[in-house]
Amino acid sequence: MIVTIDGVAASGKSSVASGVASALSIPYVSSGLLYRAATLLALEAGTSLSDAPALLSLLGAAPLRLEPLAGGNRIYLDTPDCPRELTADAHTSAVDAGVSALAQLPQLREWVNARLRALTPPFVAEGRDMGTAVFPQARAKFFLVASPRVRALRRVKERVGDVEAVEQALIARDEQDQLQSHPAADAQIIDTSDLDLAGVIAAVMAGVQERA
Ligand SMILES: Nc1ncnc2c1ncn2[C@@H]1O[C@H](COP(=O)(O)OP(=O)(O)O)[C@@H](O)[C@H]1O
Ligand SMILES: Nc1ccn([C@H]2C[C@H](O)[C@@H](COP(=O)(O)OP(=O)(O)O)O2)c(=O)n1
C-alpha cells in the first residue's frame, strides 16, 4: 500500500505523514529531504543550482542514504572516511532559498524519482508530486493547504524568524514550486489552517480507511 501526502511548503506534510505512518505501522518517505540534501551538497561544493550535468555528476559521487523512519526521516552522506548526517543542515534558510531552483530541473526530478521508486512499499510518501508524477497508482492521495500566514506562524515556532519575512519567503517558494505542485485529480484536499495536527491526521486516516 502507498499513501501520498502532497501540499505546499509548511502545510504539515511531514508531521502528518509521520503521524499517519505511525498509525499504520509503516515508514514514511520525505521526497523533499532528497531535494534538500542535493541542494545542500551543491551549495557546499559551489555547484550552480541550475547546472543539471554538474549537479548529476556531484550527486553521482555522493553516497547519499535516506532513512525513512516513521518518526522522522534522516539523510546521511556515507563517505567511508568521514560519514556525516545532513538532516539538520538540509533545513537551513539557505537551502530553503535554493531548493526550488534545483527542483525545477527535470534531470534532478528524475534522479529523485528513481530513488523513490526503488523503495519497497508499504509506505506513506510526502512531497509535491507523489500522487501525480511519482506514485499515480497510490491507494489514497491527499493534498494539504493552509494560508501563508498560518504556515509562517508554524515555521517561526520551530525556527526563529520574523513572521512577515517568513510569510513572504513561503509565498515566493509557492510560486517557484507551482509547476510541480498540484493535487492529483483523485486527491482529497485538506485545508489545515483551522485544524490541529491530530485533526489533520484523523482526517487522513478516515480517508485511508474509506479506500481500504
Ligand atoms: N495542523 C497543524 N496545526 C498546528 N501545527 C502544525 C499543523 N501541521 C503542522 N504543524 C506544525 O507546523 C510546522 C511545519 O510542519 P511540517 O510538517 O514540517 O510541514 P511541511 O512538511 O509541509 O513543511 C511543524 O512545526 C509542525 O509541527
Ligand atoms: N516531491 C517534491 C518534494 C519537494 N520538492 C521541492 C519543493 C520544495 O521547495 C523543496 C523542499 O521540500 P520540502 O517538502 O522539504 O519543503 P517544505 O517542508 O514544504 O518547506 O523541494 C519538489 O519539488 N518535489
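User: On the other side of α4, which residues are exposed?
Analyst: Ser93 and Ala94 are exposed there. This is a predicted model, in which local features need pLDDT of at least 70, side-chain atom pairs count only at pLDDT 80 or more, and totals for chains, interfaces and linings use all residues. Residues are numbered from 1 along each chain as its sequence is written, with chains lettered from A and ligands numbered from 1 in the order in which they are written. Helices (H or I, at least four residues) and strands (E, at least two) are DSSP runs, numbered from the N terminus.

User: Which residues of α4 are buried?
Analyst: In α4, which spans residues 93-103, the buried ones are Val95, Asp96, Val99, Ser100, Leu102 and Ala103. These residues lie on the same side of α4 because they cover an arc of only 160 degrees around the axis, taken from the directions from the helix axis to the C-beta atoms.

User: What covers them?
Analyst: The cover includes α2 (31-45), α3 (52-60), α5 (106-117) and α8 (163-177). Contact here means C-beta atoms, placed from the backbone, within 7 Å.

User: Turning to the ligand, which residues come nearest to ligand 1?
Analyst: Gly12, Lys13, Ser14, Ser15 and Arg154 do, out of 16 residues around ligand 1; a residue counts as near if its C-beta atom, placed from the backbone, lies within 6 Å. Helices α1 (13-24), α7 (148-158) and α9 (197-210) each supply at least two residues of the shell.

User: What does UniProt place at Gly12 and Lys13?
Analyst: An unreviewed UniProt entry has a "binding site" feature at residues including Gly12, Lys13, Ser14 and Ala9. Such annotations may be inferred rather than shown by experiment, feature names are shortened, and positions follow the numbering used here.

User: Is alanine 9 buried or exposed?
Analyst: Alanine 9 is buried, because 23 other C-beta atoms lie within 10 Å. The residue is found in the loop between β1 and α1. Leaving aside neighbours within four places in sequence, alanine 9 is in contact with Arg151, Leu170, Arg173, Asp174 and Asp177.

User: And serine 14, where does it lie?
Analyst: Serine 14 lies in helix α1. It is partly exposed, with 18 other C-beta atoms within 10 Å. Not counting residues up to four places away in sequence, serine 14 touches Ser30 and Glu126.

Key:
A residue is buried if 20 or more other C-beta atoms lie within 10 Å of its own, exposed if 12 or fewer, and partly exposed in between; C-beta atoms are placed from the backbone. Two residues are in contact if their C-beta atoms, placed from the backbone, lie within 7 Å.
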